[in-house]
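Hi everyone, thanks for making the time. Let me put the structure up, and then I'll talk you through the contacts that I'd like us to look at together.

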Amino acid sequence: MRTSVALSLLGAAATGVAAQKPLPTAAAVTNNPSCLVAEAVLPENAWQKNGFPNGGNIKGKVVAKSGDGGVGVQFNVEVSGLPEGGPFTYHIHAKPVPENGNCTATGAHFDPTERGEDPVCDKSKPETCQIGDLAGKYGAIPAGNTTFSASYVDKYASLVEGSDAYFLDRSIVFHFPNKTRITCANFKITEPACSGSTTGVAAPTGSDSAHTTGGAPSPSGTLPVAAGASLSASSMTGVAAALLGGAMMLML
Ligand SMILES: [Cu+2]
């Protein structure tokens, strides 16, 4: 860590550019659960509540589900009734929309890597952008459009509850070019994850079936091997947990 900071400072000095903190990078998510679908449906007449008489009659939704093989999240964005002006941006925001529909209460952009607003997102390096900055990474809604649709996979968003990049308890917010908020909605799960999905929970399920044959524990020598084998495909953490589990069994 310290080395990389020193190197990048050295690099900046060498090229005569003002030293800038290197941006944190978001990790690609590979264990999103299959089947799960979530939708953020924009409410009718939200723009009136938000006090923008020229807010058009924006409607639409943002659908989120796992990318192929659990990698990233596929977003399908569909809006109509956009007001005049633009380009319009939209983001996942840090907090949910409260009961009264006030988009201002959704806080700042969802930014678990804490990279902040500056410098602006560089599309060619999406891993360095705020995870919630969807318009920054995949394009804003161009000016002059009353409808818009887009579909893309963001590798860094997570559908695994409890992980840093999990966003289904947050909101999506659409903005005028001056950043004021036109409309917003919370994500809601419309289809649950299916069993046998590729979450971190899937691997332990496999090892469970390996040693829940009968109430009595199997001969201790075979356990760590079986658990290790069934978990090896999942993650280092899984393997570590399996080894730890095995070690604890041996101690008992
Ligand atoms: Cu926003």
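**Rings, disulfides and a copper site**

Let's start with the aromatic rings: the count comes to seven aromatic pairs, where rings of Phe, Tyr and Trp (its six-membered ring) pair if their centres lie within 6.5 Å, and planes under 30 degrees apart count as stacked, over 60 as edge-to-face and the rest as tilted. Take Tyr-90 and Phe-174: the ring centres are 5.2 Å apart and the planes are at 20°, so this pair is stacked. The pair links distant parts of the chain, with Tyr-90 in strand β4 and Phe-174 in strand β6 (residues 171-175), 84 residues apart. Helices (H or I, at least four residues) and strands (E, at least two) here are DSSP runs, numbered from the N terminus.

Before I go on, a word on the source: this is a predicted model, in which local features need pLDDT of at least 70 and side-chain atom pairs count only at pLDDT 80 or more, while totals for chains, interfaces and linings use all residues. Residues are numbered from 1 along each chain as its sequence is written, and side-chain values use heavy atoms, with hydrogens and water left out.

Are Tyr-90 and Phe-174 buried or exposed? Tyr-90 is buried at a relative accessible area of 0%, and Phe-174 is buried at 1%. By buried I mean under 20% relative accessible area, with exposed over 50% and partly exposed in between (1.4 Å probe, protein chains only).

Tyr-138 and Tyr-152 give us another stacked pair, at 4.2 Å centre to centre and 15° between the planes. Tyr-138 sits in helix α3 and Tyr-152 in strand β5 (residues 148-154), 14 residues apart. Tyr-138 is partly exposed at 26%, whereas Tyr-152 counts as buried at 10%. Both belong to a cluster that ring pairs build from Phe-75, Tyr-138, Tyr-152, Phe-167 and Phe-187.

On to the cysteines. How many disulfides are there? The count comes to three, taking a disulfide as a pair of cysteine sulfur atoms within 2.5 Å.

Cys-35 is joined to Cys-194, with an S to S distance of 1.7 Å. Cys-35 lies in the loop between α1 (2-15) and β1 (37-41) and Cys-194 in the loop between β8 (188-191) and α4 (202-211), so this link ties together parts 159 residues apart in sequence. The link is right-handed, with 75° about the S-S bond. Cys-35 is partly exposed at 43%, and Cys-194 is partly exposed at 25%.

Cys-103 and Cys-184 form a disulfide with their sulfur atoms 2.1 Å apart. Cys-103 is in the loop between β4 (89-93) and α3 (134-138) and Cys-184 in strand β7 (residues 181-186), so the pair ties together parts 81 residues apart. This link is left-handed, with -95° about the S-S bond, and both cysteines are buried.

Then there is Cys-121 with Cys-129, sulfur atoms 2.1 Å apart. The torsion about their S-S bond is about 80°, so this disulfide is right-handed; both Cys-121 and Cys-129 are buried. Numbering the bonded cysteines in sequence order, the pairing reads 1-6, 2-5, 3-4.

Finally, the metal. Which residues coordinate the copper ion? They are His-91 (ND1), His-93 (NE2) and His-175 (NE2), at 1.9 to 2.0 Å. Donors are N, O and S atoms within 2.8 Å of the metal (3.2 Å for Na, K and Ca), and water is not among the atoms, so sites may look incomplete. The donor residues are spaced H-x1-H-x81-H in sequence. His-91 is buried at 6%, and His-93 is buried at 0%.
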